[in-house]
Amino acid sequence: MTAAVEFLNVSRHFGPASAPVKAVDGVDLTIAEGSFFAMLGPSGSGKTTCLRLISGFEKPTGGTIRIFGQDVGDIPPNRRNVNTVFQDYALFPHMNVRDNVGYGLMVKGVDRRTRDARAEEMLALVKLEGYGDRKPAQLSGGQRQRVALARALVNEPKVLLLDEPLGALDLKLREAMQDELKALQSRLGITFVFVTHDQGEALSMADSLAVFNEGRIAQIGTPAAVYAHPRTRFVADFVGSSNVLPPEVTRAFGGPMKWASLRPEMLRVTAADGVALAGTVTGIRYLGAGSRLSVALNGTEVAALLPAGQPVPEPGATVGLAFDPAALHVMEGEG
Amino acid sequence: MHSDRASLGLKIAAVGGLLFLHLPILLIFLYAFTTEDKSYQFPPPGLTTEWFGVAWNREDIWPPLYLSLWVATIATFLAMILGTLVSAAMARASFFGREQISLLIILPIALPGVITGMSLRSAFSIMDIPFSTWTIILGHATFCIVIVYNNAVARFRRLSGGILEASADLGANSFQTFRYVLLPNLGTALLAGGMLAFALSFDEVIVTTFTAGQQSTLPIWMLQELVRPRQRPVTNVVAIVVFTATFVPILIAYYLTRGGSETAGAGK
């Protein structure tokens, strides 16, 4: 399989060389052609800068970026076969929807009839037939999002970059758009690079994902692999908020003297007597589909997911915790 | 205790204030039609439109009028170019001392005209530049730039920077982005700024006094004319022309920049 995007030891530092702000620092990355790739991380972790390095709005201060094998170091944004769906959509307010969508063709000199026809096709693709004459201000947030998508796809990019495209939508709409984006991606076969801080979104949509922390990639892999085997404490906590156990607690849980991750849903809450691990319930958070229990255990707070239907213990009660030893994941990485 | 309706006292005060501000202007108009040409006598002894004809035939009015139009046009033109460039730089870049430089740009309009006039006059003298139409234009351009800058920089801030990047992202070169995205969004602000600058330049007296050589602009001509006791209503006729020439652009500028509802890129 060809690599759509490759980062070879790419850095983007800001500020003076003596005390640089390392927005992106020594990133190596390969995004396979036709895949749905998510860049996941908290704000300021470097994921958006990486996206802007691909689109060309940022230039690396070190390393090489290749798009379909071509070094793009000297290629400005307008000559890269890459298009972006911007976070705030960035629709042209003075143009109607049809002209917005057709803009990429207009600047290439395509005649009006052809580009209007293409714009209608694109609007049909995002289920916005008949909205061509409206101005962006007359659309809802979800509709603007679709226009931004249609506008970015009209140039038939080889890579589509999406910068937190669902961030401004409400939950219901966001879930619907997740499904639609995924379906669109598999239909078009275009490589999607998707930036998000929402780990649920990344896990459910991506074929593979990179977790960013402080300008570096903490882990890269399929959602299942990253979730099941977080490499570092940061990944364990950020992706699915796992219990991160210090070495001595791991030891008490029957593991080696190392940092380990234990998913809350892997812990079973049992009666307190006759088990090795017993603790006091310090907090209960009702989640609808279950409850999240905080249990103080030898001075460590451990979260356990209690499925709905099971009796919920009172705060202060003593409970036992049990788990499948295979669920205790020992992490090799630091940080 | 908050009433939606203003009290009677407040209403009277407001109406009184407006009358105080605007009645003198109406009197200027009235005296353009008076039959008495030596003094401003109230009420006017009679009304006539003959002064419009007299003004039209007075040869000494035309050169100042042409000069004022010429100065205002060129100063506005210079200000539109320089003011737009400065506002583009100030709106997009962030650097050490940005706020201070912003203040320096606005200074010519905040400073008393006397100071601007004096400093320009001494600067022109030191540089051995003879006073001419061009020194008037330069003097006017100093404050016209500020007007254009203020209008343009406000619009630049309201434009989300994203749309310029979106344009480049979709394949547009810098010229296309300027032509198809920036200019349509900046156009009304520039036009409004230009109109205001024109109006301001057209009736400027103080800076002009310091930077002009032998020529008179229309406001200066009026000032000189008021001292003379002959054909006074002619000055009032010219005042009506000046009023129209400045008020109409200001009105248009107001309508162009009114209403922020179509703010570019603000909607989410």
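In this predicted model, strand S14 (residues 277–286) of chain A pairs with strand S15 (residues 290–297) of chain A. The pairing is antiparallel and runs over 6 bridges. One bridge joins Ile284(A) to Leu293(A), the latter in S15(A).

Both strands belong to an open sheet of 5 strands in chain A. The strand order is S13-S17-S14-S15-S16, and the pairing is antiparallel. Strand S13 (268–270) and strand S16 (300–307) of chain A stand at the edges. Each has a single partner strand, so one side of each is left without a neighbour in the sheet. On average, neighbouring strands are turned by 45 degrees against each other, direction ignored.

A helix pair was examined in chain B. Two packed helices are described by the angle between their axes and the distance between the axes. Helix H3 (residues 62–92) of chain B and helix H8 (residues 174–202) of chain B have axes that come within 8 Å. These axes cross at roughly 140 degrees. H3(B) is therefore oblique to H8(B). The crossing is right-handed.

On the H3(B) side, the contact is made by Ser68(B), Val71(B), Ala72(B), Ala75(B), Thr76(B), Ala79(B), Met80(B), Gly83(B) and Thr84(B). H8(B) contributes Leu190(B), Gly193(B), Gly194(B), Ala197(B), Phe198(B), Ser201(B) and Phe202(B). By class, the contact of H3(B) with H8(B) has 9 nonpolar and 7 polar residues.

Technical notes. Residues are numbered from 1 along each chain as its sequence is written. Chains are lettered from A and ligands numbered from 1 in the order in which they are written. This is a predicted model: local features need pLDDT of at least 70, side-chain atom pairs count only at pLDDT 80 or more; totals for chains, interfaces and linings use all residues. Axes are lines fitted to C-alpha atoms, for helices over the stretch in contact, and angles run from 0 to 180 degrees between N-to-C directions. Helices (H or I, at least four residues) and strands (E, at least two) are DSSP runs, numbered from the N terminus. Angles under 35 degrees count as roughly parallel, over 145 as roughly antiparallel, 65 to 115 as roughly perpendicular and the rest as oblique. A crossing is left-handed if the near helix is turned anticlockwise from the far one by less than a right angle, and right-handed if clockwise. Two residues are in contact if their C-beta atoms, placed from the backbone, lie within 7 Å. Ala, Val, Leu, Ile, Met, Phe, Trp, Tyr, Cys and Pro count as nonpolar, Asp, Glu, Lys and Arg as charged, and the others, Gly among them, as polar. Two strands pair if DSSP finds at least two bridges between them.
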